Amino acid sequence: MTRVTPPSGATRAPEYPRFPRRHLVVAAIGAIAVTLLLALVPSDDVSASRAVVQIALPLEAPSKIPVEPVADVPETWVDITVNPGDNLSLLFGRAGLTDTDLYHLVSKAPQGKSLTRLFPGENIGFLLDDDGRLAALKRVKSPLETVILRREGDSYIAEEIRRKPEVHRSFASARIDSSLFLAGQQAGLPQTLIMELANIFGGVIDFVLDPRKGDVFHVVYEELYLDGEKYKNGNILAAEFVNQGKSYTAYRYVDETDRPGYFSAEGVSMRRQFMLAPVDFTRVSSNFNPRRLHPIYKTRRPHRGIDYAAPRGTPVFAAGDGRVTEAGYTKANGNYVVIQHGQAYTTKYLHLNKRRVRKGDRVAQNQVIGTVGSTGAATGPHLHYEFLVNGVHRNPRTIHKKLPKGKTLTQEELPRFLAQTQGFQLQLASIRQQQLALNQTDAPR
Ligand SMILES: [Zn+2]
């Protein structure tokens, strides 16, 4: 993962890009999803570093004659993409080489053995000399990492090419009309980024039950570019989520031990011991589930948990780090999992379609422990979730307010945090203003 040093306010004034006022009014859903894809602001230097690593040869070096690279003759590589089921022998055959060539490379090249483990989608390039022998082999492990093995005499020299993507900063804003997932999609955010956003705020917002029509979010995130083309998304740098009128903000901060995390403007960690909604909310088509009567008993008999209606197969997450104390089946619970978190807390997950953990397993927060189903006494697919404190059932929706807050940055670290995040705070404020102006323009007269 590439970590990008945020521009410091001391060396570079925060930039306020002019916003192209491109906004989408999606009439079909009646949502105003405003995409503010700004004139992309590069926040890092453009550079593709080319590190050449010379690896000492393990065998007898016959001569010391320096080999002059022939720079003016263009190299003609034969590039082959690795398909499932391919092995090096097949690829060599396709490039017109023999198993003898292959054996020579694997046994004499540094890291030659690692070549026998190829992955579908990787690219292997072959360069042949005038005699039709292998002069070099190029392995493109990823857009960022290439290794070239060049024959020199009876052996090979490895050359590693590492590239650094160009980092742009991007912005998105959206107003929620039916679900966070749809709003995010309309703002042009990929699902992984929407999930990340939900993870950041998952300790304070229940993304299945809390979002309301009119909720707004703003995100500042990185986009990584290679050769002028988007390669992938980077980190979320800052985000604000306004849920039912209450605003939550989070800033990415890398602490002195190099550990990244998300913190509120006051320097309190967003990471909580428990996620509120232990279910993949992107599968829930509407985030506005009304509180329902019990699907089987149809009465308000004591219901000691909370039900999340979701399609069968929706991933169910461990709400927090812990250990699986039960994973089994009963007629009432169906497939169920119980997780113990430290001494005091227990969470229970009922009516699962599939269990993905076993008794005794250690689980991490957000780890998939099963999928939503309707096993046991359930009419339709839903997750029944319970939260117990010292063996007593508590309301999972409200208990988090009584649990310890995330850790706060120390007084020593706070100034560093503020220096790192000041630019993001200004950017969020700027996006907020812009969004406000757009909303006023769009308001019906
Ligand atoms: Zn229930």
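Tutor: A residue is buried if 20 or more other C-beta atoms lie within 10 Å of its own, exposed if 12 or fewer, and partly exposed in between, with C-beta atoms placed from the backbone. By that rule, 34% of the 445 residues of the chain count as buried. This is a predicted model, in which local features need pLDDT of at least 70 and side-chain atom pairs count only at pLDDT 80 or more, while totals for chains, interfaces and linings use all residues. Residues are numbered from 1 along each chain as its sequence is written.

Student: Why is isoleucine 124 called buried?
Tutor: Isoleucine 124 has 22 C-beta neighbours inside 10 Å, and therefore counts as buried. The residue is found in strand E5, residues 123-128.

Student: What makes a run of residues a strand or a helix?
Tutor: Both are DSSP runs numbered from the N terminus: helices are H or I with at least four residues, strands are E with at least two. The chain comes to five helices and 22 strands.

Student: Which residues are in contact with isoleucine 124, leaving aside its neighbours within four places in sequence?
Tutor: Contact requires the C-beta atoms, placed from the backbone, to lie within 7 Å. Isoleucine 124 is in contact with Ile80, Val82, Leu91, Leu137 and Arg139. For leucine 137, the C-alpha to C-alpha distance from isoleucine 124 is 7.1 Å, at 13 residues apart in sequence.

Student: Which residues of helix H4 are buried?
Tutor: In H4, residues 191-201, they are Leu193, Ile194, Leu197, Ala198, Ile200 and Phe201.

Student: Why are the buried residues of H4 said to line one face of the helix?
Tutor: Seen down the axis of H4, they fall within an arc of 155 degrees, so they line one face; the arc is that of the directions from the helix axis to the C-beta atoms. The face turned away from the buried side carries the exposed residues Gln191 and Thr192. The buried residues of H4 pack against helix H3 and strands E10, E11, E12 and E13.

Student: How do you know that E11 and E12 pair?
Tutor: Pairing requires at least two bridges found by DSSP between the strands. E11 and E12 have six, in the antiparallel sense, and glutamate 240 has threonine 249 in E12 as its bridge partner. Their hairpin has two residues between the strands, and glutamine 244 in the turn has a positive phi of about 50 degrees.

Student: What makes E12 and E13 a pair?
Tutor: They share four bridges in the antiparallel sense, and the bridge partner of tyrosine 253 is glycine 261 in E13.

Notes: Two residues are in contact if their C-beta atoms, placed from the backbone, lie within 7 Å.
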